[in-house]
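Trainee: I have a model open and would like to learn how to read its features. Could you walk me through it?

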Amino acid sequence: MAAKRIRCEVKAEASVSVEGYDGIILVADSLDKLTGPLDVLRVPLQAQAAIDQSVVKDGAVVKVALPASRLVLAPTGHLNRDYDDVRRLFDAAAAGIKRALKVGMKKPLLVLANVDSFPEARLVTVLGALHALYVPIEIREDVPEKASKAARLGFVGDNKTVQLAMALDAGRTVASDIGGSDPERMAPPRVEEYVRDVFQGTNVSLEVVSDDEKLCKEYPLFSAVNRCAKGVPRHRGRVMFLTYQGSGPVEQTLLLVGKGVTYDTGGADIKAGGVMAGMHRDKCGAAAVAGFMQILAKLQPKNLKVIGSMAMVRNSVGSECYVADEIITSRAGVRVRVGNTDAEGRMAMADVLCHMKEIAPKEVNPHLMTIATLTGHVCLAYGEEYSAIMDNGPARLAGVAQKLQAAGDLVADPFEISTIRRGDFDFHSGKSEYEDVLQCNNAPSSRTPRGHQTPSAFLIMSSGLDKHGKDSSQPLKYSHLDIAGSSGPFPGVPTASHTTAGNKIARTSCKSYVARPSALQCPPGRYVDTSWPTSRRPGSRPGGLAPVAAVLSGQCYLAPGGTLPVHQLM
Ligand SMILES: [Zn+2]
């Protein structure tokens, strides 16, 4: 059974003079900002800086004349240059927690200096600290004495911020648990067990499709991937639907599809040459969906309905595995020619997306989304810390990508906007009279022009969403999120950090992704570029949570045409 996160107590405090803490962590960009009640922290730091000028840049531990008695300075560096963003606060808070734990603190009190550069500065600072306190589920279950890193975390600030941060972090924990766990601990049936446990007693309901006959009939592309894995009972696939409906009349409906490939061997197009390791992280899209649902369960937003689906399947290799050249008719009746079995993520999601497309017209103001660690190309295009978002025509008219990008910028979860173009559709059109659609070419995405954009065209074509463009009588908003770059590191711990992406931990982790492009997903095996760094730096936490915090950050709620002032919910 899923070991609940034993979180330390988290409290809002009125001042740095409060009792009950064994140290203070100060997040600051300059000692000059320590005025008023924080003057008591500035004096000892200035004394230290007089003998060590590296203090302001590298941080320090000093004694203070307060009940907490010692102080860790966690410097942010510059905050106001053109390219500085709120991630500096997240990074500094996470680094401060690490330093505090190293010096032996168990009850740190977090303080943010007077920073006025970012609207969500306080929230992001607390999120950074909580992120560094995450303990992987395997450790919580197997090594109980290490199940918690600290007994208490205080934050000198308002309780509303602390409560919101805790709700977001609860979602990040779910996403990190699922996304970061090994392929057996989070094989599809065990993900079902975990999700059942998490949402038991909440107003998020769960429906699971595990019957093979039903899967084959209703999700044929998903079942092609599942065909090999289902021979092993503990690896059998699951399509899961989580539903949340807030109080009051529904004003918008989100229909989310998350890629949950619990392990990606590549299938018959096997990942050879040592690039398979790390592929348990290929479930971070589905993990992000579950994390998002957990946040909804905590915050209970009104007038909103969300159906979040998780396409959980293992891409195994064996005598039953699907192979390139097979033609499989999708749920939407589209004849799909397999080009590469390592492009299994789009196979796993397309029929689930089609299902969402079918129910969307009955929902109020629907918006469909796919969330997936889909391509290595997105990392080459945008780097290691950024999610890509691509809108179809109706979503573009509603400015969804821009709104989500703005929301993400508030909470250190940055997005880059890509555009789906005509060539992406040409790329996936059938190449002979046998098939309507070609699933993939047989080159790695990272060696394919527009390698992260074209899969969105495949998803649109194979699910029948191409009949719901802006020119149709029933347009449907659809956005595809490729989170391969931002989903976090291996080896390491999932960041859930493209939620609040960009903390040092996340960066570290992403570097290991780069070191190992296969970890980023499909067609790899062949796209190892030896010019990339080969170092693997442990210590981070895989994420795949990008949408979570961005979606719920500040004023902006996932965008479809409206905003949700989260702070008013608290
Ligand atoms: Zn793959």
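**Reading the fold, feature by feature**

Mentor: Gladly, and let us begin with a helix pair: the axes of helix α3 (residues 87–102) and helix α4 (residues 121–132) come within 7 Å and cross at roughly 40°. Keep in mind that this is a predicted model.

Trainee: How are α3 and α4 oriented to each other, parallel or oblique?

Mentor: With a crossing angle of roughly 40°, α3 and α4 are therefore oblique to each other. The crossing in which α3 passes α4 is right-handed.

Trainee: Which residues of α3 and α4 meet?

Mentor: An α-helix has 3.6 residues a turn, so residues three or four places apart point the same way. In this case, α3 contributes Leu89, Phe90, Asp91, Ala93, Ala94, Ile97 and Lys98, which meet Ala121, Val124, Thr125, Leu127, Gly128, Ala129, His131 and Ala132 of α4. By class, the residues of this contact divide into 10 nonpolar, 3 polar and 2 charged.

Trainee: Is His131 buried or exposed?

Mentor: His131, a residue of helix α4, has 29 other C-beta atoms within 10 Å, and 20 or more make a residue buried. Therefore His131 counts as buried. Between His131 and Ala93 the separation is 38 residues in sequence, and their C-alpha atoms are 9.1 Å apart in space.

Trainee: Let us turn to sheets. What is the strand order of the open sheet of 8 strands?

Mentor: Strands of a sheet pair through backbone hydrogen bonds, either parallel or antiparallel. Here the 8 strands run in the order β7-β8-β10-β9-β13-β17-β14-β15, and the pairing is mixed. At the edges are β7 (204–209) and β15 (415–419), each of which pairs on one side only. From one strand to the next, the twist averages 20°.

Trainee: How many bridges join β9 to β10?

Mentor: Strand β9 (residues 252–264) and strand β10 (residues 304–315) run parallel and are joined by 12 bridges.

Trainee: Which strands does helix α10 lie across?

Mentor: Helix α10 (residues 284–299) lies across β7, β8 (238–245), β9, β10 and β13 (366–372), and runs at about 150° to β10.

Trainee: There is another sheet, with 6 strands. What is its order?

Mentor: This open sheet has the order β1-β6-β5-β2-β4-β3, again with mixed pairing. Its edges are β1 (9–13) and β3 (60–63), each with a single partner strand, so one side of each has no neighbour in the sheet. The twist from one strand to the next averages 25°.

Trainee: In which sense do β5 and β6 pair, parallel or antiparallel?

Mentor: Strand β5 (residues 108–112) and strand β6 (residues 152–156) pair in the parallel sense, over 2 bridges. Leu109 stands opposite Gly154 in β6. Packed on this sheet is helix α1 (residues 39–51), which touches β2 (23–28), β3 and β4 (70–75), with its direction at about 115° to that of β3.

Trainee: What should I look for in the backbone angles?

Mentor: Most residues other than glycine have a negative phi, and most peptide bonds are trans. In this model, Gln300 has a positive phi, near 55°, and sits in the loop between α10 and β10. Gln300 is partly exposed, with 14 other C-beta atoms within 10 Å. Asn365 also has a positive phi, about 45°; its place is the loop between α11 (344–359) and β13. With 17 other C-beta atoms within 10 Å, Asn365 is partly exposed.

Trainee: How many residues of helix α16 are buried?

Mentor: Helix α16 (residues 454–463) is mostly covered, with 10 of its 10 residues buried. Among them are Phe458, Leu459, Ile460 and Met461. Just after α16 comes Gly464, with a positive phi of about 85°.

Trainee: And the chain as a whole, how many helices and strands does it have?

Mentor: The chain has 19 helices and 17 strands. Of its 570 residues, 61% count as buried. Among contacts between residues at least 6 apart in sequence, 80% join residues at least 24 apart.

Key: Residues numbered from 1 in each chain as written. Predicted model: local features only at pLDDT ≥ 70, side-chain atom pairs only at ≥ 80, totals over all residues. Axes fitted to C-alpha atoms, helices over the stretch in contact; angles between N-to-C directions. Helix = DSSP H or I, 4+ residues; strand = E, 2+ residues; numbered from the N terminus. Parallel < 35°, antiparallel > 145°, perpendicular 65-115°, else oblique. Left-handed = near helix turned anticlockwise from the far one by under 90°. Contact = placed C-beta atoms within 7 Å. Nonpolar A, V, L, I, M, F, W, Y, C, P; charged D, E, K, R; others polar. Pairing = 2+ DSSP bridges. Buried ≥ 20, exposed ≤ 12 C-beta atoms within 10 Å, placed from the backbone.
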